[in-house]
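My entries follow the order in which I checked them.

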Amino acid sequence: MNASVTSRLGCAARILNQCAKAVKAKAAPGALTPLQIEQVVGLGTACDWLFWAHSLRSLSYSDRRHSKSPRVYCVQELTRFTFMWTATNALFARSSIINLLDATAGSKKGELDRFRVLFQHCGLTKKDATPFETTLHKLLASEMEVKYFPWASTSSPPTTLDVIYFKYTVADQQSKGVGRKLLQASKTKNYSDLDLPTLVYATRNWNIHGVLISTSLRGPMKKFNLWIDTINTALAKVLEGAALAIQNAI
């Protein structure tokens, strides 16, 4: 558990709670508009899940096998990420909230495009994002020892990215959105299109899911831990910064 992550999550949750109260304060007594109700629901949902993420200290299991597993930490932090992403989704899924940051944001259809609205207004500069991206790109570029890899790859041995794309990305997703970016990076070894918002977003689905860098790939546990710690630290900063931006816009 990273203390700075939980501290940022607690701060973001408190700010979003204040935002919901500010929306209510602007309405006539007992007369919230449908738009204001949507804002209060989204802000309140995000606040609730961030407090869950902030308060998570450990998970308990009913048997020794899981209690003593070396995967305990990574499963715990992946659970924290799931809480964090649920809060993130509660914000960007509601046009009434992201329109506070960008009047055209509500017209965006894709989840990644909507998440980028939060990212673009959270205060993280390119310089701030670079260390996160560098760490994640190195993990994706690391070579894997696999007994059998029947797919065509430009790497020998294949990289973590090759294994994620060819083995774990389902066929109908390989040519769409993030899947297309993964293939391009695999071919060219140029990871510039896999920027921080893309990699955070990809971690919430089966393109780049944290657990794939753990036992599913038979890689060292520290590889997974570094991935999820990097992602959680970055997303915590995004959420705290975006919460402040929303507060300033209300």
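The notes below go topic by topic.

**Ground rules.** I am working on a predicted model, where local features need pLDDT of at least 70, side-chain atom pairs count only at pLDDT 80 or more, and totals for chains, interfaces and linings use all residues. Residues are numbered from 1 along each chain as its sequence is written, and side-chain values use heavy atoms, with hydrogens and water left out.

**Salt bridges.** I looked for salt bridges, meaning a side-chain nitrogen of Lys or Arg within 4 Å of a carboxyl oxygen of Asp or Glu. The structure holds five.

I took glutamate 240 and arginine 8 to start; their side chains meet in a salt bridge at 2.5 Å, N to O. Glutamate 240 sits in helix H11 (residues 221-249) and arginine 8 in helix H1, so the pair ties together parts that are 232 residues apart in sequence. Helices here are DSSP runs (H or I, at least four residues; strands are E, at least two), numbered from the N terminus. I then checked burial, with buried set at under 20% relative accessible area, exposed at over 50%, and partly exposed in between (1.4 Å probe, protein chains only). Glutamate 240 has 16% relative accessibility, so it counts as buried. Arginine 8 is partly exposed at 28%.

Next I checked glutamate 111 and arginine 204, which form a salt bridge at 3.6 Å, N to O. Glutamate 111 is in helix H6 (residues 111-120), while arginine 204 is in the loop between helix H10 (196-203) and H11, so this pair joins parts 93 residues apart in sequence. Glutamate 111 is partly exposed at 28%. Arginine 204 is partly exposed at 30%.

I also found glutamate 133 bridged to lysine 126, with the closest N and O atoms 3.0 Å apart. Glutamate 133 is buried at 8% relative accessibility. Lysine 126 is exposed at 57%.

**Core.** Which residues touch the most other members of the largest nonpolar core? I counted as a core a set of buried Ala, Val, Leu, Ile, Met, Phe, Trp, Tyr and Cys residues joined through side-chain atoms within 4.5 Å. The largest one has 74 residues, and Leu43, Leu91, Leu140, Trp227 and Leu235 touch the most other members. H11 gives the largest share of this core, 14 residues. Leaving aside neighbours within four places in sequence, its contacts include Thr159, Ile164, Tyr191, Ile208 and Trp227.

**Cysteines.** How many disulfides does the structure hold? I found zero, using a cut-off of 2.5 Å between paired cysteine sulfur atoms. For cysteine 11, the nearest cysteine sulfur is that of cysteine 19, 11 Å away. Cysteine 11 is partly exposed at 23%. For cysteine 19, the nearest cysteine sulfur is that of cysteine 47, 9.7 Å away. Cysteine 19 is buried at 1%.

**One distance.** I looked up serine 7, which is in helix H1 and partly exposed at 45%.

Definitions and conventions. Contact means heavy atoms within 4.5 Å.
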